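Dear colleague,

Please find below the structure that I am handing over to you, together with its sequence. My findings follow directly after it.

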Protein chains: 2
Amino acid sequence: MRLLLASQSPRRRQLLAELGYPIEYISLDVEETTPAGMAASEVAGYLSRLKASAYPAEQLAEDQVLVTADTVVVHQGHVLGKPHSREEALQMLRTLAGNSHEVYTGVCLRTRARETSFIECTHVHFAPLCEEELAYYVDTYRPFDKAGAYGIQEWIGMVGIRAIEGCYYNVVGLPVARLYSELKKLSKT
Amino acid sequence: MRLLLASQSPRRRQLLAELGYPIEYISLDVEETTPAGMAASEVAGYLSRLKASAYPAEQLAEDQVLVTADTVVVHQGHVLGKPHSREEALQMLRTLAGNSHEVYTGVCLRTRARETSFIECTHVHFAPLCEEELAYYVDTYRPFDKAGAYGIQEWIGMVGIRAIEGCYYNVVGLPVARLYSELKKLSKT
């Protein structure tokens, strides 16, 4: 079984590589829009399937599995995307600090014959952090490529995340254990 | 504030270094025995204080904080230590796979004038893994320096740990967020 990962995220590429399957990478140009009124908890799954549908299944080899994924941060029912500015990053982090939120990753697996997808949710509990700490993080780590403006594996995640419920790697960007289990199932069918 | 970490663990040294405080390292020679009948949940805290007591407080500088820590893996009330052989590592992993267990890290902070300690507990849920997967992990990663015979940050943690409840870095070996918060409190007193 060979994997074809459609993701630009270096974290996701690194996590998937740990599984030990041969991997190739592609980039898909998809307009990431969601239907009006879609529940925040559905967005990541929808976008992972949207990305998968942008790749023609007939271009997949017999032993190839296309992997697409999307991660969103949800706070009180609202999706936090990637911040476009320093101020927007700080605003997101002010919202998250001292509160709990959810991280959803949707993953879609597609072979020539089949498609399966799942959503993994992790609850994240952030400690209160002061303005100086938030500014230090944003200016040092520049989290403009990260949904919710933070990386759990970076300084702010280490000092600020007191507890999670669910899969840690899901928060990094890929629910590796669930994906491994789904790939094993797929290889047996 | 300067930290003096008494730990040989490269993971713990790396995690503590992320906090940004100046650090020195020492090695303390302590016989890690616990009183008969001590509850498994108390062991890590007890050992962290035992380690701290092996260093004379008067040798600490005014601005220095001695940090000692101990991590234990507990399955159904029994402490799993570091495995002494390949077979013992496999036996531990057979016990953990498909089950839940707890990881306790005890941390003791000591200045010339004060001592404070705490225990952090994380629940870990392992997926079922087959004998070939366990053998692959033990032979490739040789987890003989790890309590419970696994590292959550290694292959087996990525593919096998479906969910945790609590602090991720606590399972790696140091509850960084709690420690950061306790050090902030200490610096204000």
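I begin with T111(B). Leaving aside residues up to four places away in sequence, T111(B) touches A57(B), L60(B), Q64(B), V65(B) and L186(B). Please bear in mind that this is a predicted model. T111(B) belongs to the loop that lies between β5 (100-110) and β6 (115-126) of chain B. Its relative accessible area is 16%, and T111(B) therefore counts as buried, the cut-off being under 20%.

The largest nonpolar core comprises 97 residues. Those with the most contacts inside this core are Y150(A), I156(A) and Y169(A), along with Y150(B), I156(B) and Y169(B). For I156(A), the residues touched are L93(A), F126(A), L129(A), L134(A), Y137(A), Y150(A), G151(A) and I161(A), again without counting residues up to four places away in sequence.

Finally, I turn to a helix pair in chain A. The axes of helix α3 (residues 86-96) and helix α4 (residues 131-141) of chain A come within 10 Å and cross at roughly 135°. Because of this angle, α3(A) is oblique to α4(A). The crossing in which α3(A) passes α4(A) is right-handed. On the α3(A) side, the contact is made by R86(A), A89(A), L90(A), L93(A) and R94(A); α4(A) contributes E131(A), L134(A), A135(A), Y137(A), V138(A) and D139(A). Sorted by class, this contact has seven nonpolar residues, four charged residues and no polar ones.

With kind regards

Conventions:
Residues numbered from 1 in each chain as written. Chains lettered and ligands numbered in written order. Predicted model: local features only at pLDDT ≥ 70, side-chain atom pairs only at ≥ 80, totals over all residues. Heavy atoms only, no water. Core = buried A, V, L, I, M, F, W, Y, C linked by side-chain atoms within 4.5 Å. Buried < 20%, exposed > 50% of the residue type's maximum accessible area, 1.4 Å probe, protein only. Contact = heavy atoms within 4.5 Å. Axes fitted to C-alpha atoms, helices over the stretch in contact; angles between N-to-C directions. Helix = DSSP H or I, 4+ residues; strand = E, 2+ residues; numbered from the N terminus. Parallel < 35°, antiparallel > 145°, perpendicular 65-115°, else oblique. Left-handed = near helix turned anticlockwise from the far one by under 90°. Nonpolar A, V, L, I, M, F, W, Y, C, P; charged D, E, K, R; others polar.
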